[in-house]
Amino acid sequence: QVQLVESGGGLVQAGGSLRLSCAASGSIFSINVMGWYRQAAGKQRELVATITNTGYTNYEESVKGRFTISRDSTKNTVYLHMNSLKSEDTSVYYCNLRNGPMSEYNDYWGQGTQVTVST
């Protein structure tokens, strides 16, 4: 079984910064993708950023240049550095682990952490 534990959410003023962390434990394949998604009230969950085990990254358009995803594979931990935060970034942020190759993988989710950006 795989568990994901998130930390780092909170309340921040617009223009400020936060760092989210997500530590994965359990049976984790060497081929995997870790990422962050978010879901604002009344909206669908959307991708924020992902990073593969080889370090390839992908970002949602609105966060490019402001957010940086990184990972420490020795610790099975993924980070999301968020700068220049805007009110529209307010959401519950979920960590995701796509565990295994594309031909056969399982998705795991963290419990979510609230990020609130005040103006």
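This report describes a disulfide, a sheet and a nonpolar core in one protein structure. The model is predicted.

**The disulfide**

A disulfide is a covalent bond between the sulfur atoms of two cysteines. In the whole structure, the search finds 1 disulfide. C22 and C95 form this link, with an S to S distance of 2.1 Å. The angle about the S-S bond is -80 degrees, and the link is left-handed. C22 belongs to strand β3, whereas C95 belongs to strand β9, which covers residues 91-99. The two cysteines are 73 residues apart, and the pair thus links distant parts of the chain. Both C22 and C95 are buried.

**The sheet around β3**

Strands of a sheet pair through backbone hydrogen bonds, either parallel or antiparallel. Here, 4 strands form an open sheet in the order β1-β3-β8-β7, and their pairing is antiparallel. The strands β1 and β7 lie at the edges, where each pairs on one side only. From one strand to the next, the twist averages 15 degrees.

Strand β3 spans residues 18-26 and contains S21. Between β3 and β8 there are 6 bridges, in the antiparallel sense. C22, one of the two cysteines of the disulfide, has V78 as its bridge partner in β8.

Is S21 buried or exposed? S21 counts as buried because its relative accessibility is 13%, and the cut-off for buried is under 20%. Setting aside residues up to four places away in sequence, S21 touches V5, E6, S7, W36, V78 and Y79.

**The nonpolar core**

The largest nonpolar core has 26 residues. Within this core, W36, L80, M82 and Y93 have the most contacts. Which element provides the largest share of this core? Strand β3 does, with 4 residues. Other elements that give two or more residues include β1, β7, β8 and β9. The residue ranges of some contributing strands are listed below.

| Strand | Residues |
|---|---|
| β4 | 32-39 |
| β5 | 46-52 |
| β11 | 113-118 |

M82, one of the core residues with the most contacts, lies in strand β8, which covers residues 77-82. When neighbours within four places in sequence are left aside, M82 is in contact with G16, S17, L18, L20, R66, F67, Y93 and V115. Among these partners, Y93 is also one of the residues with the most contacts inside the core.

**Summary**

Definitions and conventions. Residues numbered from 1 in each chain as written. Predicted model: local features only at pLDDT ≥ 70, side-chain atom pairs only at ≥ 80, totals over all residues. Heavy atoms only, no water. Buried < 20%, exposed > 50% of the residue type's maximum accessible area, 1.4 Å probe, protein only. Contact = heavy atoms within 4.5 Å. Disulfide = S-S within 2.5 Å. Pairing = 2+ DSSP bridges. Axes fitted to C-alpha atoms, helices over the stretch in contact; angles between N-to-C directions. Core = buried A, V, L, I, M, F, W, Y, C linked by side-chain atoms within 4.5 Å.
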